[in-house]
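Student: Could you walk me through a few features of this model, one at a time? I'd like the general idea, then the case at hand.

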Amino acid sequence: MLTEPAPAKLNLALHVRRRRDDGYHELETLFAFVRDGDVVRLELDGEGFAVEGPFGAALAGEGDNLVTRARAAFGAAFGVETPGRITLDKRLPVASGLGGGSADAAAILRLLARRTGVPLEDARLFAVADALGSDVPACLYGRTAIGTGRGEQLEWIDGAPGVPVLLVNPGVAVSTGPVFAAWDRIDRGPILVEGDLIARAKAGRNDLYPPALTVAPAIADAVAWLERQSGADLCRMSGSGATCFAIFADTTACTIAAERLRVEQPDWWCLKTVLS
């Protein structure tokens with residue numbers, strides 16, 4: 001059995017610059033990844049696809065998804081068979097702004113690349129990831145980066161490994177399409193500034209936050225709750241929602257906030273983790 005982690009992606013900042021003629025949106029985003037996320041397994045002597053884990057039920061019965069498409073695309077690109085049974089341990093909420101599906105697809109690509117001796121730097125592997133979705137290339141490498149274009153044009157920057165983060169989801173799933181459709185099409189300027197990762201993030205914003213509130217107003221409750229916590233240094237929604245995050249000054253403050261949330265909001269999902 002081969003195992004590959006699929007760490008959650010955060011958009012520490014996400015600027016929507018314009019809607020392109022091809023239907024995509026021109027973005028500038030600050031990608032970061034955390035230590036935890038889903039897990040993908042490949043059993044070489046099995047076949048098919050299965051989902052388990054805390055959020056597995058949300059994907060139950062899907063015969064085709066981004067993970068199975070990634071396997072098929074890898075086989076076609078490299079002219080190899082990709083037998084085995086894939087099991088997705090779904091630990092992240094579905095449609096939550098954490099890039100779960102993209103991270104899962106990227107994980108199976110890395111796993112198959114490792115199995116067949118394909119280096120991650122192979123341009124064909126990037127092309128497969130890019131064709132699967134705008135976030136898949138960033139998730140393939142799992143490195144802190146500034147993403148432009150659709151998000152697939154990546155510039156590596158220094159991360160902040162070990163910085164405590166609390167992820168919070170108020171228990172709602174948000175589809176990306178309606179959020180982008182509700183964006184007001186106003187270009188509020190670039191993200192690129194000097195400084196370390198956290199300084200860059202603070203100088204940015206998430207342009208999808210206002211339209212996301214029209215789809216899921218509970219997101220504002222999650223951000224407001226995080227902002228009230230002692231030691232929360234930066235609180236923001238990730239991606240198109242509904243998961244929000246707070247970067248904390250120290251691990252103790254993050255732990256206290258996580259414990260308080262489980263008491264005050266027992267129906268919300270939370271994950272105490274660190275930037276990778």
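Student: Where is Ala242 found?

Tutor: In the loop between β8 (232-237) and β9 (244-248). Helices (H or I, at least four residues) and strands (E, at least two) are DSSP runs, numbered from the N terminus. This is a predicted model, where local features need pLDDT of at least 70, side-chain atom pairs count only at pLDDT 80 or more, and totals for chains, interfaces and linings use all residues. Residues are numbered from 1 along each chain as its sequence is written, and side-chain values use heavy atoms, with hydrogens and water left out.

Student: What about backbone angles?

Tutor: Most residues other than glycine have a negative phi, and most peptide bonds are trans. Here, the bond from Gly241 to Ala242 is cis, with omega near 10 degrees. Ala95 has a positive phi, near 55 degrees, and sits in the loop between β4 (84-89) and α2.

Student: How do α2 and α3 cross?

Tutor: Axes are lines fitted to C-alpha atoms, for helices over the stretch in contact, and angles run from 0 to 180 degrees between N-to-C directions. The axes of α2 and α3 (residues 123-132) come within 11 Å and cross at roughly 160 degrees. The two helices are therefore roughly antiparallel (angles over 145 degrees count as such). Ala105, Leu109 and Ala113 of α2 touch Leu125, Val128, Ala129 and Leu132 of α3, contact meaning heavy atoms within 4.5 Å.

Student: And which residues of α1 meet α2?

Tutor: Leu66, Val67, Ala70, Arg71 and Phe74 do. Their partners in α2 include Asp104, Ile108 and Leu112. The axes of α1 (residues 66-78) and α2 (residues 100-116) come within 8 Å, crossing at roughly 35 degrees.

Student: How much space lies in the largest pocket?

Tutor: About 980 Å³. On a 1 Å grid over the protein atoms alone, using a 1.4 Å probe, a pocket is an open set of points with protein on both sides within 12 Å along at least five of seven lines; lining residues have an atom within 4 Å of a point. Grid points are joined across faces, edges and corners, and the volume is the space filled by probe spheres set on the points. Of the 43 lining residues, Gly99, Ser102, Asp135, Thr176 and Ser240 are the closest to the pocket's centre.

Student: Which elements give two or more residues to that lining?

Tutor: β1 (2-19), β2 (25-43), α1, α2 and α5 (176-181).

Key. Parallel < 35°, antiparallel > 145°, perpendicular 65-115°, else oblique.
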